[in-house]
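Visitor: I would like a close look at one part of this structure, the place where the two chains meet. Please take me through that part slowly, and then show me what lies around it.

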Amino acid sequence: MACGTSCGCGKAVSLAPKPTLADTELTRAGMHAGTELDLERISARSIADLGAHPSPIPWKGTIGIVPSLNAMLATEAQAVTASAAAASTASSSTASSSAASGGTADGVYRKSGGGGGDGGGAGTSKKKAKIDPKLPGSGIPARPIIRGLVWARRASQVGFFALFMYFLFQTGFRGSFTASSDTVVRLPLPVEGFLLADPFVSAMTVLSTHTVYRGLLWSVGMLALTLVFGRVFCGWICPFGTLHHFFGWILPSTKGRGAHRVEANKTHGYQRVKYYMMYAFLLAALFGSAVGGMFDPICVAVRSIGLGVIPAGQYVTGRGLNGLQTVHSQALQTGADHTQDFLAQTVWQSKQFYFHQTWLILSLLVAVLFMNRFIPRFWCRVLCPLGAFLGVFARFALFGMEKDHAKCTDCNLCLVNCQGADSPQGGVKHRQDECHMCMNCEAACPEDVIKFRFLPSRVSTITKPDLQRRTLLASAAAGAAYIPAARIADSLDVNYHSKVIRPPGAVEERAFLERCIRCAECMKVCPNNALHPAFLEAGVEGIWTPILIARVGYCEHSCVLCGQVCPTGAIQKITEKEKLGIGVAPVKIGTAFYDHGRCLPWSMQTPCIVCEEFCPTSPKAIWVEEVEAPVRDSKPGPNGEQPAMKTVKLQRPHVDPSLCIGCGACEKVCPVQDQPAVYITSVGESRSKTNVILLENTNYNQKT
Amino acid sequence: MEPKKPQDRPDRREALKRIGAAAGVLAASAVVGKLAWDKGGFGVGEASGSRMMRSYRVAEPGQPADAELAIARAAGFKEGEEVTAEGLVAHALAAMGGMKKFVKRGDIVVIKPNIGWDRAPIHAANTNPDVVAAVIKEAFNAGAKKVVVADGSCNDPNRCYQRSGIWNKSYALGAEVVLPAEHRFRTMRMKGEVLDEWPVFTTLVEADKVINVPVAKHHNLAKYTAAMKNWYGVLGGRRNRLHQNIDTSIADLATFMSPTLVIVDAMRVLMRNGPQGGNIDDTRVMNTIIASVDQIAADALGCTLIGQHRDNLPYLKMGHDRGIGTMFYENLRVKEV
């Protein structure tokens, strides 16, 4: 065939049928298979085609108008296949061109960027799109809707992160002057809202308890959102994801800005890890433990920010502002006081909170944020089980991305800011399950390749997670095996730890482990800093589950806030009446015991009974026995005689185990500072039928 | 200049620079070391000098006819008139010559009720909010610039302040309510017999006038507590240790804090299971207010409400002996209204 274009060279073109509709379809189909091979074939042919022209190939780096090709395109435009053909040529050329060479392309070849969904066509050449010469490639700006959506996404991320932090700041009871003395003490806001909307939490608890607990029904809404829009939760809503997005932005990875960074944002095999973890956690849940909450991003965020970042911030601020008090300036002192008052009323509480072994929780947060240096959005891409869970459902999403490989110049700009590492670039199939729907790729694309739309073509999309079946089965099996392995340790059925004192309203321990997702909401809300993340007290399965450490804080008698914020019902929403035992048996979380060897009235003949004073039950579970006891004078007698003996009147405290609720107020206030003379242990807790002392409570038939 | 070879010695300038740098660092570290030198030892400071006092008492009141201790009871009301806390407080203050005698225009007045426990007003473990409200009103009417209400609670302060009803009623009257936040406490030297250095709730001591508004109630260790024991709320830190010598610590505190006025709330009195109570059956309605300039006399009289006698309360004797008041209230000008 002779060269049929206006270049007039008349040279025979060996392999050169002009691209026809059928041809285009063919090449597209070939590309849709997503193999490099196809591309090479196409490019080889096209180069041969174009190579016939003496003029330099513009996208090979030469500047200037190439009239022959211009004419060729014009001719083709007259054909039915016009735009498709142009696309085909363009794409074929790029396969052999360098990634960044697009910038040198001539304006003539810049295609119209408008009319998003029209897919090209003869008409497009007439529409003059605004071409920005500063933009790389063809300089086609992204659709206005996409640019708008990117900003909407940023606003959404900031807004949801702010909401999350606001809820966290409000997870704590601050009294109010508007409330009268009989106002019921509850938090006014659904501060656990993010957890209620968390489908992974729901899935775990559905598998373990076969029920959807109260507010967790909200998670169906989040699932619905995913089914329509894909993983918008990850890119638009998730506060932990936003944190990683932010840190990836201000502390960009060691990969820098160039090709390394592009490489880092390509899909990697390690991204499968989160799916394996997710399936392992779901199987663990099916076998009776919601241990996956350790890795749920919302739980991680509440736990590490609520128990780590906020108290640490308070500590630093307190130190700094208290330091100002030593400066002799009335204005500075007053200012410092008012600042502390304000912060205590808005961000934290009026006293410093401390949390058991929270250094580990905080260190893990720092570590996972730091990992962004090595793998951008390491948490979201590699570990997040909620992201994996939503990824499984993203296959059904009605909204999604389609791409026209034919137009791709391999500039890789889409990869520079890709959040999910979901292969937005040309030549490979898009990974819908990995995509965070951040829209950065379409916003960056200078060639009109990427399009987000409803009911996209899925020809160039992989919707399902790409998993290896054997690894999947192995990880699921590991999740299932974890539970018996953890439980044949002696921490649960036998030798239950005396210090595993669960919050009031907690369900029986096995049911508790089925529900507790270690979100730390209860610990954050506890007004007395009584609830703490366990380390190994409750066995390896119980890491970060709540335990009461009375030496730090006791269970406030009339408080039921931990149940109010518990999203999964591990702590039930009991009322004050139920807790105090008005009309019913009170909720007991343990029992107090005296260490007579350390107790002042018992062994040191010194009056005390602070424990009795603080005992909140009525009648008091601590009662005192009036005794007269001999005590030796501290000073030796005259002439070196033995010190004199005298008699003192004392009140010696005793516990009535049938009245004691185990709140730990006595342990908290015991003046024997290091190791208290009165302490609580879990025995006698009303949720257990076996961890009891008294015969009358040993009733295997009773309902609770 | 020739380029230097590795084996060249440094020239004089270079050598002096190096020696000078080393000497400078040495000198600086020697200075820092000398300045910050800790010679060791415990260095226990001896408490010396006289006891610290914070007195908010006003100079001797004008009218000699005014009572130094006034008891207002329901009997003082006219037939058909409703017995209210506000009325009782007004009666008692009128007998003492009126609030204007104690609070001057422009004063910052701190009111120290008992907000120790997470109990409702009906349990009578905290000061009755109506009594607090009545005192706030009186203070404002007397011309106070600012009225501050605060206490260091035993239970969670937010809960105590709210559930006692005091926050709500005080705020409604325009008083400033200050929670016992950690940063409000500063270590002060009281030089008491058992209380030397303790963290003190600064809000309560930074005032022109301090009005002590305790609730009269039973206390299992101290037997009866009201005015003097109410100063426990001034302290922060580990005050649970004070119970080992509760009488002396009460006396120390009462020595440290001399209020302008004491107004004891005995509207409803906790007769048993004090100080926390929790059972309405343990309380008895008495509709009584005791006002006094002498906190010891107020307690000596108040303890009779729950059937105690001043001789059984060692802290009264200690306070009496220290001269901060008299336990023999009959020696004062007492008025019953």
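Guide: What follows begins at the contact between the chains and then moves on to each chain in turn. Please keep in mind throughout that this is a predicted model.

The contact draws 35 residues from chain B and 48 residues from chain A, and the area buried between the two chains is about 3,800 Å², of which carbon and sulfur atoms give 46%. On the chain B side, B:Arg159, B:Gln162 and B:His183 together supply 19% of the area that chain B buries against chain A, which is more than any other three residues supply.

Turning to the pairs that meet across this interface, there are 24 residue pairs in polar contact, with both residues at pLDDT 80 or more, and there are three salt bridges between chain B and chain A. One of these salt bridges joins the side chains of B:Arg186 and A:Asp337, with a distance of 3.5 Å from N to O. As for the elements behind the chain B side, helix H4 (157–163) and helix H5 (166–172) of chain B are the ones that give two or more residues to the side touching chain A, and H4(B) gives the most, with four residues. Sorted by class, that side of chain B has nine nonpolar, 16 polar and 10 charged residues.

Elsewhere in chain B, two further salt bridges deserve a careful look. In one, B:Lys146 pairs with B:Glu176, and their closest N and O atoms are 3.4 Å apart. Because B:Lys146 lies in strand S4 (residues 146–150) of chain B and B:Glu176 in strand S5 (residues 176–178) of chain B, this pair ties together parts that are 30 residues apart in sequence. B:Lys146 counts as partly exposed, at 34% relative accessibility, and B:Glu176 counts as partly exposed at 34% relative accessibility as well. In the other, the side chains of B:Arg322 and B:Asp252 meet at 2.8 Å, N to O, and this pair links distant parts of the chain, since B:Arg322 sits in helix H9 (residues 314–322) of chain B and B:Asp252 in helix H7 (residues 246–256) of chain B, 70 residues apart. B:Asp252 is buried, with a relative accessible area of 4%.

Helix H2 (residues 85–95) of chain B also has buried residues, among them B:Leu88, B:Val89 and B:Leu93. The cover over the buried residues of H2(B) includes helix H3 (129–141) as well as strand S12 (261–270) and strand S13 (283–292) of chain B. Just after H2(B), B:Gly97 takes a positive phi of about 100°.

Among the contacts in chain A with a separation of 6 or more, 73% come from residues 24 or more positions apart. Within this chain, A:Asp433 forms a salt bridge with A:Arg431, the closest N and O atoms being 3.3 Å apart. A:Asp433 counts as buried because its relative accessibility is 0%, and A:Arg431, at 8% relative accessibility, counts as buried too. Both residues belong to a network of salt bridges that also links A:Arg231, A:Lys274 and A:Glu434. Over all chains, the structure holds 37 salt bridges.

How values were computed
Residues are numbered from 1 along each chain as its sequence is written. Chains are lettered from A and ligands numbered from 1 in the order in which they are written. Side-chain values use heavy atoms; hydrogens and water are left out. Contact means heavy atoms within 4.5 Å. Buried area is the accessible area (1.4 Å probe) that two parts lose on being put together, summed over both. A salt bridge is a side-chain nitrogen of Lys or Arg within 4 Å of a carboxyl oxygen of Asp or Glu. A polar contact is a pair of N or O atoms within 3.5 Å; within protein, one must be able to donate a hydrogen and the other to accept it, and residues adjacent in sequence count only if both atoms are side-chain atoms. Ala, Val, Leu, Ile, Met, Phe, Trp, Tyr, Cys and Pro count as nonpolar, Asp, Glu, Lys and Arg as charged, and the others, Gly among them, as polar. Buried means under 20% relative accessible area, exposed over 50%, partly exposed in between (1.4 Å probe, protein chains only).
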